[in-house]
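Hi everyone, thanks for coming.

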Amino acid sequence: MPLPPPPTRKGDRVVAGAAGPSVRTPTTTADAPPAPMPARSSAVAAEPPSAAPGATAAPARRRGRRPAQAPAAPVAAPMPQAVATPAASAAAAPTPAPRRRTRGGAADGVRRLFVLDTNVLMHDPTCLFRFEEHDIYLPMIVLEELDNNKKGMSEVARNARQASRTLDALAATVRGDIRDGVALTALGHREATGTLFFQTEPFTQALPDGIAHGKADNQILVVVQALKARHPDRDVVLVSKDINMRIKARALGLAAEDYENDKTIDDVELLYTGMLALPADFWSRQGKSVESWQQGGHTFYRIGGPIVEQLLLNQFVYYEAPGEPALYARVVELRGRTAVLRTLKDYTHLKNAVWGVTARNREQNFALNLLMDPDIDFVTLAGTAGTGKTLMALAAGLTQVLDERRYSEIIMTRATVSVGEDIGFLPGTEEEKMGPWMGALDDNLEFLAQGARNSAGEWGRAATNDLIRSRVKIKSMNFMRGRTFLNKYVIIDEAQNLTPKQMKTLITRAGPGTKLVCMGNLAQIDTPYLTEGSSGLTYVVDRFKGWPHGGHVTLARGERSRLADFASEVL
């Protein structure tokens, strides 16, 4: 520690005969920062010795261990004590390094203490390793609730069991006193450098009247309030997926946050749409350097310039200007500062109809180009109700299964999350149980069966319906674990109600020659604790963008009816 500068003026003298060492008057915030907190959160700082009469009292609370005291100077010749002025303090204290902002707004050297609610662990079993350098505290009631929810075959029960296994593995690495905490890096997660603390003692913090102490949520609030009182120098934050829990915590003056690590994006407006409008001066800038050629019925354009940095593979680009020919193309190659665009097949024309279905707008044309391309293995379609997602996916599937024989059959599944109250158990086989959930499939198959190709009379329509039904299989997601789909056309409907883990489970079922189509409306999420930013559909759209064998289109214009379009806008 550097010596302080010489005193600039005469200071106060210590009364002769004092038993303790001289005490300096507390300085301003320009002094050197205090020592960091000890690793053990429950450690209680020792009280400083009592000062001599007439001396200024030192702060009662100390952040770190007290450094070794030097022997007191002889009383006969006391040294004058300098009063630290801002200029002197700035000269004495070393210049601090720039403080890097970390997760949650904390700076280096200040570890926040996050108290986790049970629903966070049951929502993401790996959440213990998502808080970077900060510490985690688990109340005992959280472990009790994990134990109560571990039975069953639901997603919540599986997550509770996985969280319990992770906690057991962490606790098994402790060699000393568990009250000192468990290093989160013990299981190989190097990005989590914090410490996990378990509640090892009861807390008797008082809550306002009218709040029952026996409720699990209120017991967690007691723990947060007690930790805040015990560690006033630390940011103690409650992390919960329960909105009412966070409201109660803030009403009590406690910091509370939502678990946001599972969110792919903060604003759904920033979600990748799969298309990009070319600027109005695109041809004037590219006119001299563009290269074009024709191959296989398509026209290719090689472009350069700053716009290439905004493009991704399989992203659609379009140019629409009054009085000029329109351009609709897809990015098929990115190499350095150049990109290759390939014109699309026009599915708006009746000669290119897919099972009697033609595209009615620009986005539907983009979607059919992805659905009918054999080089695209994964397609995601997002859009409001009535944009034609299910109809186009079924029409493309029937064409490639029955006409082109590219796939052997269509497998359709969806998340069984009801809008209202559950009607109870459904009788029958797996396919019969899934029948009530597949109303959209029946409606679209009925529409497709009434097309122009089914004008052979009642017997012809009946035969076509039987053929279609024999090639369309309805499966439940509950029995997908361990399966492998070979040469199948898989449709996952209502994908906005799936978690990222469920999406991973379904997508990894794809075998050789299989194509997956995920569809959903992010504005109609019925699963608790899922938002537009944390939905599995948002997750896969963001992770698969730019993959050479995947594509995404956001459908914006509804084509169901004028009533449905108006309801989507105003309701």
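Leaving out residues up to four places away in sequence, R362 touches Y318, E320, Y328 and R557, where contact means heavy atoms within 4.5 Å. Before going on, please keep in mind that this is a predicted model: local features need pLDDT of at least 70, side-chain atom pairs count only at pLDDT 80 or more, and totals for chains, interfaces and linings use all residues. Residues are numbered from 1 along each chain as its sequence is written, and side-chain values use heavy atoms, with hydrogens and water left out.

So, is R362 buried or exposed? R362 is buried, because its relative accessible area is 19%, and buried means under 20% with a 1.4 Å probe, protein chains only. Its side chain also makes a polar contact with the side chain of E363, at 3.1 Å; such a contact is a pair of N or O atoms within 3.5 Å, one able to donate a hydrogen and the other to accept it, and for residues adjacent in sequence both must be side-chain atoms.

R362 lies in helix α8. Helix α8, residues 362–371, lies across β7, β10 (316–319) and β11 (327–335), and runs at about 145° to β10. Helices (H or I, at least four residues) and strands (E, at least two) are DSSP runs, numbered from the N terminus. Angles run from 0 to 180 degrees between N-to-C directions, with axes fitted to C-alpha atoms, for helices over the stretch in contact.

Now the sheet: six strands form an open one, in the order β7-β10-β11-β12-β9-β8, with mixed pairing. Two strands pair if DSSP finds at least two bridges between them.

Note on methods
Buried means under 20% relative accessible area, exposed over 50%, partly exposed in between (1.4 Å probe, protein chains only).
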